[in-house]
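Open the model in your viewer and keep the selection panel at hand. This tour moves from one chain to the place where two chains meet.

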Amino acid sequence: MAIDRKKIIEQMSKVSVIGNEEGLIPGFNVYVQQLPSDFWNGFARRIVNYVPEDLVESAEALLFNAARECGYHTGYGIITSDEWNEIVAPMVEKVPEDVLHGAYAVFTAWGWAKSEVIEIVPKEKMVVRAYDYYESDIMKYGKASRPCAYMIQGVSAAFMDIAYGDSPYPDGMGTFQCEQTKGIEIGDDYGEFLVTRA
Amino acid sequence: MTVEKKIEFEIDHKFDPITNRHYMNGFCTVLHCHHYATLYTQLADDAEEFKGVQLLKEAAEDTFYEVLEDYYQKNGIEAIEDKVTIAEQYWQAVGMGLIRFTGIGKYACTAVMEYSHLDEGWLKKWGSRDKPVNFFTCGFVAAVAALANGKSVRSFKVKEPKGLVCGDEVSAFKAVLT
């Protein structure tokens, strides 16, 4: 594998993101914003805690879906961007495996999660580990009773959809699912995410 | 003739190479796209039975109250006009759009947006609709109204009578003392 994670993180973490004269940040085929992680955690916690027990899974599924759509569209925008072509593309030898490794380096550089791909079985399975991620900050309110890194779950499924979806972008979303098997928020040393075909 | 320099929001951005997290003025921040923001908005709107919109507005109010209050304290900002200017520039800097506070009073505050991340994003993703969608900014306006008046969170209730997503020329916000 020719992907140099350290170099990608070092360079991609410097990408300047600030609102233009209209207060908007167009980029990667989407509009971007840069908000405190506490806000996203704050709403996710509130909605999951507020709904009755029998609807918790439905609420979690909607949070997962928000991340999956974000990951699918923004992820595709990233791997077709000028920044990607300049920094990451020259390192890619094996497609799409190296693209996935590179995508998680960018994922790390942008502060979503300090994460990497541990295992890929082409077209079938991917295992991702995250050693630090903002969604685990809910631990400051006490240990969670179940894994709740919905953003990493959704984005991980989306990245596999882009890499090995039954149809190419933009029609391949939903090919894969993701199960979070470990979580810092439930007392594990790291988060682990198993992506398999839906 | 003296020329008064308009106060400017300053960004101190740091990337922690150990945790790989980004910090803006000491607060952990994360980049997300309009798909994420609009789907959170839709989730809140659909969860009518569970006060989804209220929960989203409150999450925004709590977060942005803390961020702005911290900035005001660290930079010695006390004048109402300066507090409002900083808030407007903050919203612009983080990519949420162009907001202008048109009235700051003890009992009510008003603001308008000519450009809005949520509205532009919603229009791009789903097209127009008949109800405003900018619950993030409602929470933000509630925070600014409270801070400008030296009050705590939940002091103001905010409604959005006009929305860019509805075809109006601006999104309009009105905060009223509870």
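Select chain B and show its surface. Its accessible area is about 8,200 Å², and 48% of that belongs to carbon and sulfur atoms (Shrake-Rupley method, 1.4 Å probe; for residues, only the protein chains shown count as cover).

A note before going on. This is a predicted model: local features need pLDDT of at least 70, side-chain atom pairs count only at pLDDT 80 or more, and totals for chains, interfaces and linings use all residues. Residues are numbered from 1 along each chain as its sequence is written, chains are lettered from A and ligands numbered from 1 in the order in which they are written, and side-chain values use heavy atoms, without hydrogens and water.

Look for 5 helices and 7 strands (DSSP runs, numbered from the N terminus: helices are H or I, at least four residues; strands are E, at least two). Along the sequence they run β-β-β-α-α-α-β-β-α-α-β-β.

Now colour chain B by burial. Of its 178 residues, 56% are buried (under 20% relative accessible area, 1.4 Å probe, protein chains only).

Next, show chain A beside chain B. How many residues of chain A are in contact with chain B? The count is 53, and they touch 53 residues of chain B (contact: heavy atoms within 4.5 Å). Together the two chains bury about 4,900 Å², 66% of it on carbon and sulfur atoms (accessible area lost on being put together, 1.4 Å probe, summed over both). Finish by selecting A:Tyr31, A:Gln34 and A:Phe43. In chain A these lose the most area to chain B, together 15% of what that side buries.

Terms used. Buried means under 20% relative accessible area, exposed over 50%, partly exposed in between (1.4 Å probe, protein chains only).
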